[in-house]
Amino acid sequence: MTAATASGAGSNYASSLVDLQRFEEAKSLLRKMMPVARRVLGEYYDTTLRMKWNYAEMLYKNEGATLDDLREAVATLEEVDQIARRVLG
């Protein structure tokens, strides 16, 4: 299994956790996986961007989100948007 395949599977799993509203599990998983994906795949790889998107989504969809969580979600989405526009056009 390649790093990209493993990261993609992890990203899909985290997305499923968010859909199931299992936010703490998704948060824990993504916080562990995002630095690894960045290091192995790079900041601009689509799977890395998807993980960041999932992380932000998990933060803002959580009904127990704090104001700091919402600020972090906005900052993360803005970062993903900038990178995606630059890399994907």
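## Helix packing in a predicted model

Gln-21 sits in the loop that joins H1 to H2, where helices are DSSP runs of H or I of at least four residues, numbered from the N terminus. The structure is a predicted model, in which local features need pLDDT of at least 70 and side-chain atom pairs count only at pLDDT 80 or more, while totals for chains, interfaces and linings use all residues. Residues are numbered from 1 along each chain as its sequence is written, and side-chain values use heavy atoms, with hydrogens and water left out.

The phi angle of Gln-21 is near 60°, which is a positive value in a residue other than glycine.

| Residue | Relative accessibility | Class |
|---|---|---|
| Gln-21 | 58% | exposed |
| Ser-28 | 35% | partly exposed |
| Thr-76 | 11% | buried |
| Lys-52 | 4% | buried |

Ser-28 belongs to helix H2, and its C-alpha atom is separated by 17 Å from that of Thr-66, a residue 38 places away along the chain.

In soluble globular proteins, nonpolar side chains tend to be buried together. Met-51 is in contact (heavy atoms within 4.5 Å) with Ser-7, Ser-11, Leu-30, Met-33, Met-34 and Ala-37, when neighbours within four places in sequence are left aside.

Two packed helices are described by the angle between their axes and the distance between the axes. Here axes are lines fitted to C-alpha atoms, for helices over the stretch in contact, and angles run from 0 to 180 degrees between N-to-C directions. The axes of H1 and H3 come within 10 Å and cross at roughly 15°, and therefore H1 is roughly parallel to H3, a description that covers angles under 35 degrees, whereas those over 145 count as roughly antiparallel, 65 to 115 as roughly perpendicular and the rest as oblique. By class, this contact of H1 with H3 has 4 nonpolar, 6 polar and 3 charged residues, where Ala, Val, Leu, Ile, Met, Phe, Trp, Tyr, Cys and Pro count as nonpolar, Asp, Glu, Lys and Arg as charged, and the others, Gly among them, as polar.

H3 also packs with H4, at an angle of about 155° and with the axes 8 Å apart, so H3 is roughly antiparallel to H4. The residues of the contact of H3 with H4 divide into 12 nonpolar, 1 polar and 4 charged.

Which residues does Thr-76 contact, leaving aside its neighbours within four places in sequence? Thr-76, which is found in helix H4 (residues 67–88), is in contact with Lys-52, Tyr-55 and Ala-56. Lys-52, whose place is in helix H3, touches Met-34, Arg-38, Glu-43, Thr-76, Glu-79, Val-80 and Ile-83, not counting residues up to four places away in sequence.

How values were computed
Helices (H or I, at least four residues) and strands (E, at least two) are DSSP runs, numbered from the N terminus. Buried means under 20% relative accessible area, exposed over 50%, partly exposed in between (1.4 Å probe, protein chains only).
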